[in-house]
Amino acid sequence: MTTEGLNHNLKEENEGISLREIILKIRDLYRYLLVNWIIILLAILLGSTLGLVYTYLKKTTYTAASTFVLEDGGGGGGGLGQYAGIASMVGIDVGAGGGGIFQGDNIIELYKSRTMIEETLLSPSKRDSGILLIDSYINFNHLRDRWKNKPDLSAIKFNVSPGSRFSRLQDSILGDVVNNINKYYLSVAKLDKKLSIIKVVVSAPNESFAKDFNDQIVKNVNDFYVRTKTKKSMENVAILQQKTDSVRGVMNGAIYSAAVVADATPNLNPTRQVQRSVPIQRSQFSIETNKTVLGELVKNLELSKISLRKETPLIQIVDEPVFPLDNDKPSRVKFIILGGIAFGVLAAVYLLLAKAVKDLLKD
């Protein structure tokens, strides 16, 4: 037999021995686990029990979600340019109003601002009449139980009279609650960067609070957004309306004055026409002047109203939360099975590692 043939036979014999040893090793480990089946069974029972206990201890979180479409008003200058000069004579700016105050993702940051969250917390709950949302927050988080030994905190209230300010302690608590809501309760984002659909999600362990807070903060922020975007145009409309009413009043007064002069001199001497003609002509001149100014003011007023309508953003609610809310309540059967499997595997691994260490020390 050649040297190459001899090497080939030795190689096949070594491979066969290695495979046989592996199979025997696996059989020994399997038998070892069967011998210690009681330990694995106890581990499975322990894991299942812990899984069941976890389902009782874990707080259920309810999720309220709203989506709405936001379309900014197209408040361009356009046809207002030809009237800008006349409007500026009376101190009016009929240009675009809202500008770029809330362009892009700024409205998302507005949802996270302390002002909006605080205003929402101080709104009354729809389901729990007579209490504010912040009181509901304090109740389901059992904060008053933690404040039992602190009289100032345990008796604190947020129902204050209009116009009054909160104390330093009240502001401090509100600040902590706002921070917690921003971190753990509130989430605001666009569904897609290319779309104008915004989703507001509120997650809380109290179902009523989650829905009420979601509804109220969407209303507060959207109302604030519309007011701010149209504030300048609304001021322009109000000023133009005031100027228009003022000029109309002056023109009506001039017409009345001309009639009064004519009535005051019914049988005027022809040689004394100056007593009638001069006051009447003065009134007529005032009438014509104010008539021209009034016409331009009315045009600018109507244009400003059109601009206001264009600049008013469209906010349309697409979806709003309804009862029952989605929740993450854990399944008992699922966690019992998962707990049993996890602890059973861990017990088996522990037994195998212990046997390997024991065999190693014996060798």
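Which side chains meet in a salt bridge with an N to O distance of 2.8 Å? To find them, select Asp215 and Lys211, whose side chains form this pair. A salt bridge here is a side-chain nitrogen of Lys or Arg within 4 Å of a carboxyl oxygen of Asp or Glu. By this rule the count comes to seven salt bridges.

This is a predicted model, in which local features need pLDDT of at least 70 and side-chain atom pairs count only at pLDDT 80 or more, while totals for chains, interfaces and linings use all residues. Residues are numbered from 1 along each chain as its sequence is written, and side-chain values use heavy atoms, with hydrogens and water left out.

Remain at helix H10 (residues 207-264), where Asp215 and Lys211 lie four residues apart, about one turn of the helix. Helices are DSSP runs (H or I, at least four residues), numbered from the N terminus. Asp215 counts as buried because its relative accessibility is 16%; buried means under 20% relative accessible area, exposed over 50%, and partly exposed in between (1.4 Å probe, protein chains only). Lys211 is also buried, at 12%.

Next, select Arg114 and Glu118 in helix H5 (residues 114-121). Their side chains meet in a salt bridge at 2.9 Å, N to O. Arg114 is partly exposed, with a relative accessible area of 37%, whereas Glu118 is buried, at 17%.

Finally, move to helix H11 (residues 274-311) and select Glu296 and Lys299, which are three residues apart and therefore separated by about one helical turn. This salt bridge spans 3.9 Å, N to O. Lys299 is partly exposed, with a relative accessible area of 42%.

Definitions and conventions. Helix = DSSP H or I, 4+ residues; strand = E, 2+ residues; numbered from the N terminus.
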